[in-house]
Amino acid sequence: MTVRQTLFTCVVLTALLVGAVAGPAGATQAAEPPQPSLTVDLAADGDAQVTLVSTFDLAEESEAAAFDELRTNETARAAYEARYTDRWRAVADSTANRTGREMTVTNASLSLSRTNATGVATYTISWAGLATAEDRVLTLDEPFASNYTTDRQFRVRIPEGYTYESASPGPANATDGVLVYRSGTDLDGLSIVATSTASGVDGTPVQSETPTPVGTTGGSGPGFGVVAAVGALTAAALLTRRHE
Amino acid sequence: MRRTAPAVVALLLVASAVAVVPMAMAQQTETETNRTAGNDTAEPGAQLSGVIAVGEVELDGEVEDRAYGIRIAEANSSAAKAAVVAEQVNATERRVDALAAERAELEAARENGSMREAQYRSRVAALHAESVTAARMVNRTNETASGLPAETLEANGVDVTAIRSLSDRAQNLTGPETAEIARSVAGSDAGQPALPDRAANRTDAGSDRPAGETGPDRPTPDRSGETGSATATNETTSPDAQ
C-alpha cells in the first residue's frame, strides 16, 4: 500500500465513521427546530393523540418579534386554539359520518415556540375513536384514507403491546412501532393494521416485535450509517488490494 | 414570513398540473359559475388537508400583520414609514402575483382532470385564506399611506393609486364560489384574524384619518389592542397611520 493509498483509505474511513456516528446524533440536536409533521399516537382502544407541527420562516427581525408577541399573547393563542379545534371537530364529524363510528375531539392544545429564525406551532388533540379496535386488531384508515395530502412527514405510532401487521400504502420506514411516511406520499386508501401481542388468557403482552425497516429514510437509529460504513469499508479494502 | 410546508404543496401542485394555462383573475371570478361539487368533496381527508393549510395561512398572516406594525412603529419619520409601506406593497404585490398564478394552475388542473375535486377544494380553501390575508395587508398599507404626506410617499416610490389597484386585484382573487368552498372546508372565518376586534379597531382608527394627513415623526405602536381580555395588557391600541 502506498502513502497515497493509505491516505485515501484513511479519509474514506474517517468520513464514513463520522457519518455513521454523527449522522443520527446530529438529527436530534436540541438546537434544531422540528420539521413539519403530523403524528398519530394510537392507543389500544382506538383513541389517539394527534400532533400537528407547523414551522414558519422568520427571516426578518420584525417577524421574529411578531411571532414572540403572538407567542406571549395568551388571548390570541387561545383564540387560534379554539378556532382550530372547531375545525378539527368538523373533520372528526365528517369522519364519523363516513365511517359510522362515534368520534370526539377533546383536550386541544396549541403551543408556540421559536428556535432562532424558525417559529414552531404545535397543535395537539385527543381524538376518541379514530381507529377501529376489534378483537385485538387496530385499524387506522379515515380520515387519512380519503385524499389527505401529506405535505409533511406523517407518522403513526403503534401502541405498546401491539405489533405492526400491515400497511397500504407501505411506509418509508417502520421502526420501533413507528410508521413514517414521507411528505408527498399518496395516502389515498390508507389502511394500517396492528395486532395485539397479548397472550391469550391473562392478556399479558408478549415481547413486541420490531419490524424490519422497509424504507431508506427517517430511521432514528444508526442503521443506514452502519450498513453504509461496513459496505464502504469493504469497498475501500478491495480497492486498496487492487492497487497493491 | 413564509410557511415551510406549503412550498411542498406548491411543488406537488405544479407536478400534478399537466397543462397550466394562465388566466386573468377577473375572468376567473366570472367563470366561477354553478359548478357542482363532486362526490368526493365531503371526503374528510381532503377536508383535513384544507383545515391544516388554512390554519397555517392564518398564523402566517397574523405574524405578517404584526411584523408590519412593528416595522411601522420603529420607523421614526414619515419618510421611514413610507419606505416600510413601499416595501410591504412590493411584497404583497409579489404575493398576489403568485396567488394568481397558483389559482390559474388550480383551475387548469381541475379542468384537465389531473386534480381530484376534493383536493381542488382543499387547495382553494387555502388560497382563499391567503387572498384574504393579502387583501388585509393591502388595506394596512393603504391606512398607513393615508396618514403620510403625498410628496413623502412619492419620494419613496409609493403610488397610492397602485395600492388601490392592488387591493382590487387581491379581492378579485376570490369569488363567491371560492368563498363558499373555503367556508365548507374551514368555516366562514377562513383567513380572518382569530381576534376580529383587533382588525376592526385598527380599521376604524385608520379610517378616521383623512387621506394625505401628515403623521407625527415619532415611533408609533402599531399593534392594536386585543379587546375583551384582561390578559392582553402588553398590547397597545394606537393605529399605524399616524
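**Exercise 1. How many bridges join strand S6 of chain A to strand S11 of chain A, and in which sense do the strands run?** Then place the two strands in their sheet.

*Solution.* Residues are numbered from 1 along each chain as its sequence is written, while chains are lettered from A, and ligands numbered from 1, in the order in which they are written. The model is predicted, so that local features need pLDDT of at least 70 and side-chain atom pairs count only at pLDDT 80 or more, whereas totals for chains, interfaces and linings use all residues.

Step 1. Strands (E, at least two residues) and helices (H or I, at least four) are DSSP runs numbered from the N terminus, and two strands pair if DSSP finds at least two bridges between them.

Step 2. Strand S6 (residues 137-140) and strand S11 (residues 191-196), both of chain A, run antiparallel and are joined by four bridges. Within this pair, A:Leu138 has A:Ala194 in S11(A) as its bridge partner.

Step 3. The two strands belong to an open sheet of four strands in chain A, whose order is S5-S6-S11-S8 and whose pairing is antiparallel. At its edges are strand S5 (132-134) and strand S8 (162-168) of chain A, each of which pairs on one side only. From one strand to the next, the twist averages 20 degrees, where axes are lines fitted to C-alpha atoms, for helices over the stretch in contact, and angles run from 0 to 180 degrees between N-to-C directions.

**Exercise 2. Is A:Thr132 buried or partly exposed, and which residues does A:Thr132 touch?**

*Solution.* Step 1. A residue is buried if 20 or more other C-beta atoms, placed from the backbone, lie within 10 Å of its own, exposed if 12 or fewer do, and partly exposed in between.

Step 2. A:Thr132, which lies in strand S5 of chain A, is partly exposed because 15 other C-beta atoms are within 10 Å.

Step 3. Two residues are in contact if their C-beta atoms, placed from the backbone, lie within 7 Å. Not counting residues up to four places away in sequence, A:Thr132 touches A:Gly46, A:Arg101 and A:Thr139. A:Gly46 is 86 residues from A:Thr132 in sequence, yet the two C-alpha atoms are 5.4 Å apart in space.

**Exercise 3. Which bridge partner in S10(A) does A:Arg155 have, and which does A:Asn173 have?**

*Solution.* Step 1. Strand S7 (residues 153-157) and strand S10 (residues 178-181) of chain A pair in the antiparallel sense over four bridges, and the partner of A:Arg155 is A:Val180.

Step 2. Strand S9 (residues 173-175) of chain A is joined to S10(A) by three bridges, again antiparallel, and the partner of A:Asn173 is A:Val180.

Step 3. S9(A) and S10(A) form a hairpin with two residues between the strands, in which A:Asp176 takes a positive phi near 55 degrees.

**Exercise 4. Which element supplies the largest share of the side of chain A that touches chain B?** Then describe that element.

*Solution.* Step 1. The contact involves 44 residues of chain A and 46 residues of chain B. On the chain A side, strand S2 (48-57), helix H2 (61-71) and helix H3 (74-99) each supply at least two residues, and the largest share, 14 residues, comes from H3(A).

Step 2. H3(A) has 26 residues and reaches 36 Å from its first C-alpha to its last, close to the 38 Å expected at 1.5 Å a residue; the expected span is 1.5 Å times one less than the number of residues. A:Gly100, whose phi is positive, near 80 degrees, follows the helix.

Step 3. The buried residues of H3(A) include A:Tyr80, A:Arg83 and A:Trp88, and among the elements covering the buried residues are H2(A) as well as H3 and helix H8 (176-186) of chain B.

Step 4. A:Arg83 is buried because 22 other C-beta atoms are within 10 Å. Leaving aside neighbours within four places in sequence, A:Arg83 is in contact with B:Asp189 and B:Ala194.

**Exercise 5. Which residues have the most contacts inside the largest nonpolar core?**

*Solution.* Step 1. A nonpolar core is a set of buried Ala, Val, Leu, Ile, Met, Phe, Trp, Tyr and Cys residues joined through C-beta atoms within 7 Å.

Step 2. The largest core has 98 residues, and those with the most contacts inside it are B:Val54 and B:Ala125. Helix H3 (residues 44-74) of chain B gives the most to this core, with 13 residues.

Step 3. B:Ala125 touches residues including B:Gly50, B:Val54 and B:Ile181, not counting those up to four places away in sequence.
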